[in-house]
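Morning, everyone. I have one structure to walk you through today. Please have a look at it first, and then we'll go through it piece by piece.

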Amino acid sequence: MDLITVDHSLCIRCGRCAAVCPRGLIHLEEQWPKSQVEELCIACGQCVAVCPVAALDNRLAPLAGQTAAPKQTFTAEAAYQFLRSRRSIRCFKQTPVERSKLLQLLDLARLAPSGGNSQGIGYQVIENRAVLEQITAETVAWMEQQVEQGVAAAKVYAQYAAMYRKTGRDSILRSAPCLVLATADASFVRARENSHFTLAYAELYAPALGLGSCWAGLLESAAYGGHAPLLKLLDIPAGRQLSGAIMVGYPEFKFPRWPDRKPLDVRFVED
Ligand SMILES: Cc1cc2nc3c(=O)[nH]c(=O)nc-3n(C[C@H](O)[C@H](O)[C@H](O)COP(=O)(O)O)c2cc1C
């Protein structure tokens, strides 16, 4: 069976489907789209999505599964405000995050771009307060070991660890009610990149749901450092790998200002 089917009564032979195919798998015969090469298709669905008259279907990315795009688009100003308003949240209310909201968040996150449309990222959610506290404690314990070994980040780790020991303040998971781990097959080479995108999507979407998030980079470092008691707590199934982590919860504070960044560094390469 062919990869694509074309309704000739609708097709206007514009060739857009062939033009957008990332792997050039659609060719035109008398301007009619044709393709038989199924095994190389990445199922991105663009050939179907770009068709202005819904004349084309793809067995691996069916028209029936696509959503009509709204005509209205963001103004540049609205998009700018949306992107600039995202903040790393480090102070959370203790209100638990409803499962339905977490599912809504992650169901959007799964739509993020991925290398070759490989996707392949799953999510593991930890909400148990006692487990979250142990994760923080074990990350701190790992940091203290790193300080003893004199690693480059020793000063920073010493500061976090000292604060935790003195005040119990959780600078690892920020006392968030929920930790979302991204996981992938152990052999998946795109795991880290794909996780960055999917978790970035979650971070961007979170405020629209009233939520906030923060990347759990310190926890990741301890996990990638192989700290066994921490890995036990994370409970990643055999054959899977940890590929990213964010804390999620309801933000305690609003930010009335947007911080600036380093100046734009760009170079146009001339002939
Ligand atoms: C890969 C990565 C790891 C991070 N790890 C942590 C972390 O462990 N703890 C934390 O409080 N913030 C962490 N952050 C948040 C950054 O500190 C934050 O993005 C940066 O300071 C800019 O602030 P903003 O996100 O509010 O714009 C991380 C961000 C990224 C992208």
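One definition before we start. A residue counts as buried if 20 or more other C-beta atoms lie within 10 Å of its own, as exposed if 12 or fewer do, and as partly exposed in between. Keep in mind, too, that this is a predicted model.

R13 has 13 other C-beta atoms within 10 Å, so it is partly exposed. You'll find R13 in the loop between β1 (4-6) and α1 (16-20). Its backbone deserves a look. Phi of R13 is near 55 degrees, a positive value, and R13 is not a glycine. Most residues other than glycine have a negative phi.

A54 is another such case. Phi of A54 is near 50 degrees, again positive in a residue other than glycine. A54 sits in the loop between α2 (46-49) and β4 (56-58). Buried or exposed, or in between? A54 is partly exposed, with 14 other C-beta atoms within 10 Å.

Now step back to the overall layout. The protein has nine helices and eight strands. Its radius of gyration is 23 Å, well over the 18 Å that the globule rule gives for 271 residues, so the protein is more spread out than a compact globule. Along the principal axes, the C-alpha atoms fill a box of roughly 75 × 50 × 45 Å. There are two domains to follow: domain 1 (4-65) and domain 2 (79-249). Their C-alpha centres lie 39 Å apart. Of the 271 residues, 30% count as buried.

Next, helix α4, residues 99-109. Which residues of α4 are buried? They are L102, L105, L106 and A109. Seen down the axis of α4, these buried residues fall within an arc of 90 degrees, so they line one face of the helix. They pack against β5 (122-126), β6 (178-185) and α7 (191-205). On the other side of α4, S100, L103 and D107 are exposed.

Last stop, the ligand. Which residues are around it? They are R87, S88, R90, C214, W215, A216, G217 and L218. β7 (212-215) and α8 (217-224) are the elements that give two or more residues to this shell. By class, the shell has four nonpolar, two polar and two charged residues.

That's my tour. Over to you for questions.

Note on methods:
Residues numbered from 1 in each chain as written. Predicted model: local features only at pLDDT ≥ 70, side-chain atom pairs only at ≥ 80, totals over all residues. Near = placed C-beta within 6 Å. Helix = DSSP H or I, 4+ residues; strand = E, 2+ residues; numbered from the N terminus. Nonpolar A, V, L, I, M, F, W, Y, C, P; charged D, E, K, R; others polar. Arc of directions from axis to C-beta. Contact = placed C-beta atoms within 7 Å. Domains from an automatic or database assignment. Rg over C-alpha atoms; globule rule 2.2 N^0.38 Å.
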